[in-house]
Amino acid sequence: MTGDASRTALARDTGLTPGAITRAVRPLLEVGLLHETGDRAPAEGTLGRPATVVTVQAEAHLVIGVKVTADELFGVLCDLRCRVLDEVTVPVRDHRPEAIVEQITDLVAGLRAGHPEVGSIGLAVSGDVDAASGHVAYSPFLTWRDVPLGEQVAERTGLATTVENDVRALLTGERWYGVGRGLSSLALVTVGTGIGCALLVNGQVVHGSFGVAGEVGHVLVDPDGPLCHCGNRGCVEAIAGTAGILERMAQAGFGGLGIGDVADLARSGQPDAVRVLADAGRAVGTGIATIANLLGAQHIVITGEAIGSSPAPDDRGEGRPAGDERDYDVMDPHVRRAFEQRAFGSAASAAIELRPLRFVDWARGAAACAVEDFVTHYGRS
Ligand SMILES: [Zn+2]
């Protein structure tokens, strides 16, 4: 629930009994996180008593979400409906864990100033993250191993801290506040330096028994393809990740380019750039067809640093890394065509959405994890 709802609607949407809903709602009403706003008449054509409507007191508890990268920290202050009230970007001076913890502490202090309602923090980090313990087991971009990030930030800030893999954090944001509302299955794929993926199956975010699940980046699409950093050949990431694209352009005699340069060359019809980006698009399309065939996902969102159409200039995050939404538009038709060719039978019915990803969205996903943890805590108390 992210807005107004009657208890009857909550019972219907959650599958819980009205009694269970009353028990779940009571502690939230007592601490002021929910508010009863009166009765709503039964829907036209239905019988029964008027339903009591409960509303989220969105500003009763604020959260801070932070996306941690090796170059920058992106922070947002959000309310319980995950509306962004403030945001900040900070360059990373030193990506050792103790230095990043220090910078997160400062960033939190800045966003928290004047907002005593801030009660928790969500952190999104790429790599192998154990959300239950707040432990970053391995983050290749940060070169971290076994960092108890949640514990350290909680100790420094005095706030409950949730840590989640960045793509799963994005999915959590979409699940509660975005395209995933009301869906029981959703796949979210991020295309950029790496190819990330997070899955919602039967209404649950999949964490995998060993912290790995939905690794579409390492789905094999060409056994004779380029070497992947994982040691295999022809993975989606080796073909469609930024490094792979730039390496193939260098092999064709176009060294020293950025991803935007490759897209510009492709738009001007340069055959090597057209070929390399078409291969990348087909690899992504084949990877998501594999997801659809395995899971029968209702909806697949493909996004990244980013993909799809370009947002308005004032909508772009400060200090975003090289790469632009328009850089990937030439891949779009190849992604869709490969998906349609490879998805089996009705799996091809999945709605495919390609869209840009702003860096603030990562931080908002982290905030959504903090809200989810907070509400779960109160729901159990
Ligand atoms: Zn691989």
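**Exercise 1.** Find which residue of β10 Val136 stands opposite, and describe the sheet around this pair in the predicted model.

*Solution.* Step 1: Val136 stands opposite Val147 in β10. Step 2: Strand β9, residues 135-139, pairs with β10 in the antiparallel sense over 3 bridges. Step 3: The two strands belong to an open sheet of 3 strands, ordered β8-β9-β10, with antiparallel pairing. Step 4: β8 (128-130) and β10 (144-147) each have a single partner strand and stand at the edges, so one side of each lacks a neighbour in the sheet. Step 5: On average, neighbouring strands of this sheet are turned by 10° against each other, direction ignored.

**Exercise 2.** Determine which residues of helix α7 are buried, what covers them and which residue follows the helix.

*Solution.* Step 1: Helix α7 covers residues 242-251. Step 2: Its buried residues are Thr242, Gly244, Ile245, Arg248 and Met249. Step 3: In an α-helix there are 3.6 residues a turn, so residues three or four places apart point the same way. Step 4: The cover over the buried residues of α7 includes α6 (236-240), α8 (259-267) and α9 (271-295). Step 5: After α7 comes Gly253, with a positive phi near 100°.

**Exercise 3.** Describe the largest nonpolar core and name the residues with the most contacts inside it; then list what Phe339 touches beyond four places in sequence.

*Solution.* Step 1: The largest nonpolar core has 38 residues. Step 2: Those with the most contacts inside this core are Val189, Val284, Ile288, Ile291, Ile300, Ile302 and Phe339. Step 3: Helix α9 supplies the largest share of this core, 10 residues. Step 4: Leaving out residues up to four places away in sequence, Phe339 touches Gly285, Ile288, Ala289, Ala292, Ile300, Ala347, Ala348, Ala350 and Ile352. Step 5: A second core, separate and of 35 residues, includes Leu34, Val56, Trp362 and Ala370.

Definitions and conventions
Residues are numbered from 1 along each chain as its sequence is written. This is a predicted model: local features need pLDDT of at least 70, side-chain atom pairs count only at pLDDT 80 or more; totals for chains, interfaces and linings use all residues. Side-chain values use heavy atoms; hydrogens and water are left out. Buried means under 20% relative accessible area, exposed over 50%, partly exposed in between (1.4 Å probe, protein chains only). Helices (H or I, at least four residues) and strands (E, at least two) are DSSP runs, numbered from the N terminus. Contact means heavy atoms within 4.5 Å. A nonpolar core is a set of buried Ala, Val, Leu, Ile, Met, Phe, Trp, Tyr and Cys residues joined through side-chain atoms within 4.5 Å. Two strands pair if DSSP finds at least two bridges between them. Axes are lines fitted to C-alpha atoms, for helices over the stretch in contact, and angles run from 0 to 180 degrees between N-to-C directions.
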